[in-house]
Amino acid sequence: SSSFGIIGSRLFEMLGHKIIGAFSRPLYGSSMISAFQRRGFSQVGDMIAHAGRPAVLSGKEKLAYGLVGGAGTLGLLALVNRGLTTDANAPQVAGAAPVKLYSSDVRSRLKSTYGHVAGGLAMTGLFAAGMFRSGVHVRLARMNPWMAFGTTLAAMIGSMMVTQSIDYQASPGMKHVAWSGFNAAVALTMCSLGAFGGVTLYRAAIATGAIVGSLSAVAAAAPSDQFLHMGGYLSVGLGVVVAASVGQLIFPASSMLYNISLYGGLGLFSLFTLHDTQKIRARAESSGPFDPVNASIGLYLDTIQIFWRMVMILSNGKRK
């Protein structure tokens with residue numbers, strides 16, 4: 001289906017950054033790529049293993065992040081509270097801004113879907129942290145980059161196909177086992193981010209939560225389905241970002257391609273967040289059986305893509 005093709009392209013684009021970083025751009029910093037060029041890819045893994053010692057946030061920084069995150073959360077809850085908690089049959093309040101109202105069944109489906117998005121992200125983070133601590137990222141760095149690329153891509157697409165093919169109502173247990181395998185496959189591509197250090201990852205997570213949370217909340221509470229009709233334009237944009245990522249293999253010194261892939265990708269997947277949120281809403285409002293696991297995959301991948309780019313942006317600013 002076209003939906004599977006788009007998701008497959010997102011997986012390919014996400015993995016493209018790995019192999020492009022190995023050949024050209026500084027995925028772990030220019031010094032590591034220079035080491036690869038001088039000494040070979042196998043020694044880069046040793047440098048990654050000793051790079052990016054996690055820094056410790058001070059008490060004031062923790063308090064500041066907590067206050068900002070708490071204020072943002074309260075603001076978002078206030079923004080969508082009426083749309084997500086008021087029954088669809090309840091009368092609209094005169095003079096209030098129009099928002100989308102949901103029936104109890106739709107609200108239950110949305111909660112289940114967002115629960116799977118949050119659970120998938122938490123599971124991926126735990127898997128990735130465990131892989132990093134056990135040195136999986138070093139073993140991947142020592143592999144032939146094309147072999148690592150093909151193996152991880154096959155693992156992600158294969159596990160995703162298995163997950164989507166299992167009927168949620170008939171075999172919920174097997175569905176969640178396959179879904180866990182898919183999260184582990186994605187974590188395999190994310191574990192090397194641990195080299196950037198705890199503070200960078202923490203800040204990237206805060207920024208990603210703010211971006212995805214605010215955009216998804218706005219799309220969920222929007223009175224119309226305007227974001228749902230952006231699929232064609234987003235597919236074209238995804239093609240441009242994928243082409244820019246692949247183009248860096250041919251023109252590794254091109255700053256334009258790098259910026260398109262990084263900043264253009266950030267904007268693109270922010271728009272995908274709006275689109276995929278309303279796709280979840282449309283599925284939840286439709287009659288018939290509902291699969292919250294399959295419905296959550298698109299928004300889950302959007303979050304992963306945005307988080308990856310925020311790590312790159314923050315690490316680039318830190319080096320400057």
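Contact is taken here to mean heavy atoms within 4.5 Å, and helices (H or I, at least four residues) are DSSP runs numbered from the N terminus. The structure is a predicted model, in which local features need pLDDT of at least 70 and side-chain atom pairs count only at pLDDT 80 or more, whereas totals for chains, interfaces and linings use all residues. Residues are numbered from 1 along each chain as its sequence is written, and side-chain values use heavy atoms, with hydrogens and water left out.

The protein chain has twelve helices and zero strands (strands being E runs of at least two residues).

In the pairing of helix H5 (residues 104-133) with helix H8 (residues 172-190), His116, Gly119, Gly120, Met123, Thr124, Phe127, Ala128 and Met131 of H5 meet His176, Trp179, Ser180, Asn183, Ala184, Val186, Ala187, Leu188 and Met190 of H8. The residues of this contact comprise ten nonpolar, seven polar and no charged. The two helices pack at an angle of about 50 degrees, with axes 8 Å apart.

Residues up to four places away in sequence aside, Met190 touches Ala128, Ile304, Phe307 and Trp308.

Notes:
Axes fitted to C-alpha atoms, helices over the stretch in contact; angles between N-to-C directions. Nonpolar A, V, L, I, M, F, W, Y, C, P; charged D, E, K, R; others polar.
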